[in-house]
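Here is a short briefing to read alongside your viewer. Please have the chain open and follow along.

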Amino acid sequence: ATGGGSPQQGTTQRFYDAFRGRIIFPIADSAGRVVGFSGRILPQCDDGKTGKYINSPETILYNKSRVLYGFDKAKLAIRSADAVILVEGQMDLLMVHQVGQGFAVAASGTALTREHLALLKRMTNNLLLSFDADSAGVRASERAIRLALAEGFNVKVIVLRGGKDPAELIAGDPAAFASAVSGAAHVIEFLTEELLRSSAS
């Protein structure tokens, strides 16, 4: 972005690259038209002072509450599998698709919304959540579970042990993720285990 207005005499107009030092992911709408971008920080550029992901600002075309990353590529597979895997980030999504689970979409670093669920509801009633295994991921899972149940979805949770996110698990052991998908826990089982774990700690 520029500083705004015309450059004053004796000054030069400068541009600032908001996505510098990041991998850029084009964000498409359900028809495959690019409406925004997301940038993930490269490890060597991560100083711990900026977020892991930054997205384009919202516009008339890009409303993050209504766009799911990868939905345009996954919608036919979702209908065929009669299920959808929801992950948090773009790297998670790419890795999940690479191991043959093409019916996955990503929330792109934003909270799941009713608009997201309405998009998925056209294809399936079966939602499998695979958020990060850290405390933030568990909280996001619990919120998504409540919202999805209220919208009439059958909800299961893909439980990832060892504090790994889907991308990390797949990079180390692709078969382990496939096993986690096939063994996805029913939402009641997942919440009961979380309750027991939290009360024991």
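Alanine 171 is exposed, with a relative accessible area of 58%; exposed means over 50%, buried under 20% and partly exposed in between (1.4 Å probe, protein chains only). This is a predicted model, in which local features need pLDDT of at least 70 and side-chain atom pairs count only at pLDDT 80 or more, while totals for chains, interfaces and linings use all residues. Residues are numbered from 1 along each chain as its sequence is written, and side-chain values use heavy atoms, with hydrogens and water left out.

- Alanine 171 sits in helix α5 (residues 166–172); helices (H or I, at least four residues) and strands (E, at least two) are DSSP runs, numbered from the N terminus.
- Between the C-alpha atoms of alanine 171 and valine 99 there are 10.0 Å, and 72 residues along the chain.
- Serine 141, in helix α4 (residues 135–150), is buried at a relative accessible area of 4%.
- Leaving aside residues up to four places away in sequence, serine 141 touches Leu129 and Phe131 (contact means heavy atoms within 4.5 Å).

**The sheet**
- An open, antiparallel sheet is built from 3 strands in the order β1-β2-β3; two strands pair if DSSP finds at least two bridges between them.
- Its edge strands, β1 (22–28) and β3 (53–55), each pair on one side only.
- The antiparallel strands β1 and β2 (residues 34–41) are joined by 7 bridges.
- Proline 26 stands opposite phenylalanine 37 in β2.
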